[in-house]
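Subject: Structure handover

Hello,

Here is the structure I promised to pass on. My notes follow below it.

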Amino acid sequence: MTTDRKANMVQCEGPSRRDAWKMFDRVAHRYDLLNHLLSFGRDRAWRRKLAARLSHRPDQHILDVATGTADVILSLLDNSTRVSYAVGMDMAGGMLARAATKIADRKRRPAAALLRADACRLPFADRTFDAVTIAFGIRNVLDVSTALEEMYRVLKPGGRVLVLEFSLPEKRLVRRMYLLYFRKILPSVGGLISGDDYAYRYLNETVETFPCGRAFCDMLVEAGFANVNAVPQTFGVASIYQGDKPDNNFL
Ligand SMILES: C[S@@+](CC[C@H](N)C(=O)[O-])C[C@H]1O[C@@H](n2cnc3c(N)ncnc32)[C@H](O)[C@@H]1O
C-alpha cells in the first residue's frame with residue numbers, strides 16, 4: 001500500500017463502516033422521506049445534475065453502486081436518452097426491495113436490474129459498463145480505495161465514473177451554519193422520524209470524516225482515473241466528482 005493510500009484510509013476514520021449497510025436496512029422504510037426532507041429536496045436536483053454529466057456515448061450501460069432505493073437509476077433513465085440499461089446493486093435487501101417496488105410502479109417499465117452485492121467485490125467482468133455511478137454510497141464502504149478500483153475495473157476504456165457525495169462548504173460562515181444543522185438538527189429530526197438515533201448521528205460523523213474536494217479527487221487519480229474534477233453543489237454541501245478511464249486502458 002502506498003503512503004498516500006494509507007493517508008486516505010486514515011482520513012476515512014470516524015464511525016466504523018463495517019456492515020454500515022445493515023443500518024440502511026433498518027431505516028429503509030423512511031429513507032426516501034428523510035432524504036428529501038433533510039436535504040430540503042436538493043437531493044433530486046443533485047441526481048439530475050449527475051445524469052447531465054454522463055458522456056455523449058449513445059446506448060450506455062450503467063452500473064449504479066450502492067443504489068439504495070434506486071433514485072439514481074430512475075433519475076438517469078428519466079433525464080438521459082443516452083442510457084439504455086441500468087443495473088443497481090446494494091448490500092441492503094430492505095433498500096433493494098423498495099427499489100424494486102419503485103421500478104415496478106413506473107408506467108413504462110425501465111430497462112433495469114437489481115442485485116445484492118458488495119461495492120468492494122463487484123460481481124461483473126472487466127470492461128462491462130459505459131458508466132458507473134454512486135450517490136451518497138462511497139462514504140459508507142469499508143475500503144474506499146478498493147471500491148474505486150473495482151469501479152475502474154468494470155468500466156470500459158473511455159468509460160466514466162460519477163460520484164455524488166456530501167462535502168464540507170469551504171466558506172467559513174456557511175460551513176459553521178451547515179455543521180450546526182448537521183450536528184444538532186439533522187440527528188434529532190432523522191432519529192425521530194426513522195426511530196433510529198444512531199443512523200443520523202452516523203450520517204453527520206461520516207460526512208465530517210470523509211475526504212472531500214481535492215482529497216477525494218486524489219483518491220480517484222490513485223485508482224487510475226483521468227480528467228478528474230469536482231463540482232461543488234449548493235454552497236459545497238455536496239459535490240459531484242467525475243473521472244474517466246483512459247481510452248487506451250484495456251486492463
Ligand atoms: C445513503 S444510501 C444512498 C442510496 C442511493 N444511492 C441514493 O442516492 O439515495 C447508502 C447506500 O449504500 C449502501 N451500502 C453501504 N455499504 C455498501 C457496500 N459495501 N456495498 C454496497 N452497498 C453498500 C447502503 O445499503 C445504502 O443503501
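Is Thr234 buried, exposed or partly exposed? Thr234 is partly exposed, because 15 other C-beta atoms lie within 10 Å. The cut-offs are these: 20 or more other C-beta atoms within 10 Å of a residue's own make it buried, 12 or fewer make it exposed, and partly exposed falls in between, with C-beta atoms placed from the backbone.

Two points before the rest. The model is predicted, so local features need pLDDT of at least 70 and side-chain atom pairs count only at pLDDT 80 or more, while totals for chains, interfaces and linings use all residues. Residues are numbered from 1 along each chain as its sequence is written.

**The loop and strand β6**

Thr234 sits in the loop between β6 and β7. Helices (H or I, at least four residues) and strands (E, at least two) are DSSP runs, numbered from the N terminus. Thr234 and Ala92 are 142 residues apart in sequence, and their C-alpha atoms are 29 Å apart in space.

Phe235 lies in that loop too, between β6 and β7 (238–244). Phe235 has a positive phi of about 60 degrees, although it is not a glycine. It counts as partly exposed, with 13 C-beta neighbours inside 10 Å.

Asn227 is in strand β6 (residues 226–233). Its phi is near 50 degrees, a positive value in a residue other than glycine. Asn227 is exposed, with 11 other C-beta atoms within 10 Å.

**Around the ligand**

There are 21 residues around the ligand, and Trp21, Ala66, Gly68, Ala92 and Ala135 come nearest. A residue is near a molecule or strand if its C-beta atom, placed from the backbone, lies within 6 Å of it. Two elements give two or more residues to this shell: α2 (20–38) and α4 (71–79). The most come from α2, with four residues. By class, the shell has 13 nonpolar, five polar and three charged residues. Here Ala, Val, Leu, Ile, Met, Phe, Trp, Tyr, Cys and Pro count as nonpolar, Asp, Glu, Lys and Arg as charged, and the others, Gly among them, as polar.

Phe24 is in helix α2. Phe24 is buried, with 22 other C-beta atoms within 10 Å. Leaving out residues up to four places away in sequence, Phe24 touches Tyr31, Gly68, Ala92 and Met95. Touching means contact: two C-beta atoms, placed from the backbone, within 7 Å. Phe24 and Thr209 are 185 residues apart in sequence and 19 Å apart in space, C-alpha to C-alpha.

Helix α4 is mostly covered, with seven of its nine residues buried. These are Asp71, Val72, Ile73, Leu74, Ser75, Leu76 and Leu77. Their cover includes α3 (42–52), β1 (60–65), β2 (83–90), α5 (93–104), β3 (112–116) and β4 (129–135).

Two packed helices are described by the angle between their axes and the distance between the axes. For α3 and α4, the angle is about 55 degrees and the axes are 9 Å apart. Axes are lines fitted to C-alpha atoms, for helices over the stretch in contact, and angles run from 0 to 180 degrees between N-to-C directions. The two helices α3 and α4 are therefore oblique to each other. Under 35 degrees counts as roughly parallel, over 145 as roughly antiparallel, 65 to 115 as roughly perpendicular, and the rest as oblique.

The contact is made by Arg47, Arg48, Leu50 and Ala51 of α3 and Asp71, Val72, Ser75, Leu76 and Asn79 of α4. Its residues divide into four nonpolar, two polar and three charged.

**Helices α7 and α8**

The axes of α7 (residues 172–194) and α8 (residues 197–209) come within 7 Å and cross at roughly 150 degrees. That makes α7 roughly antiparallel to α8. Among the contact residues are Phe182, Arg183 and Leu186 of α7, and Tyr200, Leu203 and Val207 of α8. By class, this contact has seven nonpolar, four polar and three charged residues.

Val207 is buried, with 22 other C-beta atoms within 10 Å. Its contacts are Arg139, Phe166 and Phe182, not counting residues up to four places away in sequence. Val207 and Phe182 are 25 residues apart in sequence and 9.2 Å apart in space, C-alpha to C-alpha.

Best wishes
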